[in-house]
Amino acid sequence: MNLLSVRLRARVIVLLPRRMVLFASLASLLIVFVVIGAAQAAPVPIVLTGADRRPATSLNGDWGSIIDPYFSGLFSFHHEEKGNGWFLNRKAQPGDQFPTEYDFSKAPKLKVPGDWNTQRESLLYYEGPVWYERDFTYQPRQHTHLFLHVGAANYRSWFWVNGQKVCEHEGGFTSFNCDVTAVIHAGANFVVGAVDNSRIEDGVPGLETDWWNYGGLTREVSLIEVPETFIDQYDLHLRRGEGSVIEGWVHLVNGEPGAKVEVEIPELGARTSATTGDGGRAAIHFSVKGLERWSPETPKLYKVVVRANQDSIDELMGFRTVETRGTEILLNGKPIFLRGVAIHAEAPYRTGRAYSDKDAETLLGWAKELGCNYVRLAHYPHDETMLRAADRMGLLVWSENPVYWALQFDNPKVLAKAEQQLDEEINTSRNHAAIILWSMANETPNTAVRTQFIETLASRARTLDPTRLITAALLVRAEDHTKIVDDPLGKALDVIGINEYIGWYEGNPATADVTKWRIDYQKPLIVSEFGGGAKAGLHGTEKDRWTEEYQASIFRHQLPMLNQIAQLRGMSPWVLMDFRSPNRPLVGIQDEFNRKGLISEQGQKKQAFYVLQKAYKDGTIGKAE
Ligand code: GCB
């Protein structure tokens, strides 16, 4: 606000009666706040589809790190946002009139990608802000846009380049891109990020989860350069009901309406072009001959080139259709049974947040060994590496929004956060053939406000992507020995997911033998969780909890029970591998790991692994129709 406008307002106020003066002053105060707020509002990061397919300058590696539990690097002693926070990356100068109480160049390093909890013993339980700094050199080229690409920062993050704020982001499991074009210099540059993994009441997820709250820059960070006019998002998929029509759209930023967009699949000799409309979007629709459809048995991927103006992206994509018919799930028009397992993004052997190709190949390799054609990637969007591996290895995927347990379902801010994360999840990963299901939520309380909240998400997901199926993992209620699936949220879903723990949290393994099921929806059903805990190497009788025998017995009793559910079309027992959770402190058994894994975090297979493997390989579990 400039001085002139302040003086003008002062003169107007002199001419007003007293009550109105008060009102005018309040209003002007409001204006001041709004103006200051607007000046400080951080630029909103954008979503790039197929970001990992673009040439990039990696910013992975060692970053200087400062642990800042009181967030004093950003907030003053009166909790005002500082103008001279640690994002300035100051170096103390002789004769300075004030002390500089931090120095990134002397600070210990943290590796990116990587959670901080498993990199430094003192940070295992840390929840709060941590500062990251990295120097880099760059030679910007004219007529380009440059983005700071962040694969994931759990949970809130703020970024500055050369001291200038470039973005803020909330949500720990989706990638985002901050426009840094205006702030990069030729030569030496630096980026500072503050990442805060504090759990917050109005977060998504909220305060309680059953996984470790790994903080930090848990996925890759890079600089992505694109031309001035560039493709930010695109969607290409096989049209339902046809084996030879590919359709979708390509969206161009900064293009003139009527700009030409091209899509080419060289191996099929197929090529099409289209022009963008007012919103920058070009509709794609073309026929291809000789397309081999993607499936778990034949996970065929094609190189697909998307071009517009000076921009071009080389994608690697599979083409398949998915739909439901009554209580069946059809893949490429044929009924399929989903032999699955649930997986957390926990790194095998070293623990911590998974991020590498090797992590993904180990986890998905175990799923293949188990006989799976499907995996539930719980409880949040996993990284591109995992999705690319699933595409390559032929594993269908349930991808999940972190709407987990209890959120503030009556808070519109929380809905906006869930919507934002859902948008990011879909817009970044919509071209993976492996993903067939978008899951809206896990085990949420059955209340009207919750149902409305998730229905809103479901219809948003359908609008964003009408080509996939919508699901959620519901809770089940019981009347005597009958399990009843009648959660009203089921109405909004294409496929019903349910979690149940017969033999672990209720009854004993044999309780499954006398359990009947009543499912009030004539839709396909996936048992998205069942299982129980066992410590690898601990043996005893089938009656001794925590032994491999007890866990195996749960599976032996569950499988025949589940087989009797007429509309059962898939399952993903909980869980492939043991994972860290602070809710699991039992000494000598859990030691802060959820032990429901079929495999320990050190790769030891438990007996239950082989029980399930046999059922999957013999085909004694599940019917496709
Ligand atoms: C559940 C949750 C999952 C937990 C699991 C357990 O129902 O969906 O996140 O880890 O139970 O082990 O209790």
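A polar contact here is a pair of N or O atoms within 3.5 Å. The model is predicted.

Select the ligand and Tyr505. A polar atom in the Tyr505 side chain sits 2.4 Å from a ligand oxygen. Next, pick Asn594: an N or O atom of its side chain is 2.8 Å from an oxygen atom of the ligand. How much of the ligand does the protein bury? Taken alone, the ligand exposes 320 Å², and the protein buries 96% of that.

Now show the whole shell. There are 14 residues around the ligand, and Asp210, Tyr404, Glu443, Tyr505 and Lys596 come nearest. By class, the shell holds 5 nonpolar, 4 polar and 5 charged residues.

**Stop two: helix H5**

Select residues 412-429, which form helix H5. Go to the N-terminal end of H5, which Asn411 caps. A side-chain oxygen of Asn411 lies 2.8 Å from the backbone nitrogen of Lys413.

**Stop three: Thr428**

Stay in H5 and select Thr428. Is Thr428 buried or exposed? Thr428 counts as buried because its relative accessibility is 12%, and the cut-off for buried is under 20%. Its side chain reaches the backbone oxygen of Glu425 at 3.2 Å. Leave aside neighbours within four places in sequence, and Thr428 is in contact with Val47, Leu48, Thr49, Gly50, Ser175 and Glu384.

Definitions and conventions. Residues numbered from 1 in each chain as written. Predicted model: local features only at pLDDT ≥ 70, side-chain atom pairs only at ≥ 80, totals over all residues. Heavy atoms only, no water. Helix = DSSP H or I, 4+ residues; strand = E, 2+ residues; numbered from the N terminus. Expected span 1.5 Å × (residues − 1). Polar contact = N/O pair within 3.5 Å; in protein donor to acceptor, adjacent residues only side chain to side chain. Near = heavy atom within 4 Å. Areas by Shrake-Rupley, 256 points an atom, 1.4 Å probe, with all protein chains shown as cover. Nonpolar A, V, L, I, M, F, W, Y, C, P; charged D, E, K, R; others polar. Buried < 20%, exposed > 50% of the residue type's maximum accessible area, 1.4 Å probe, protein only. Contact = heavy atoms within 4.5 Å.
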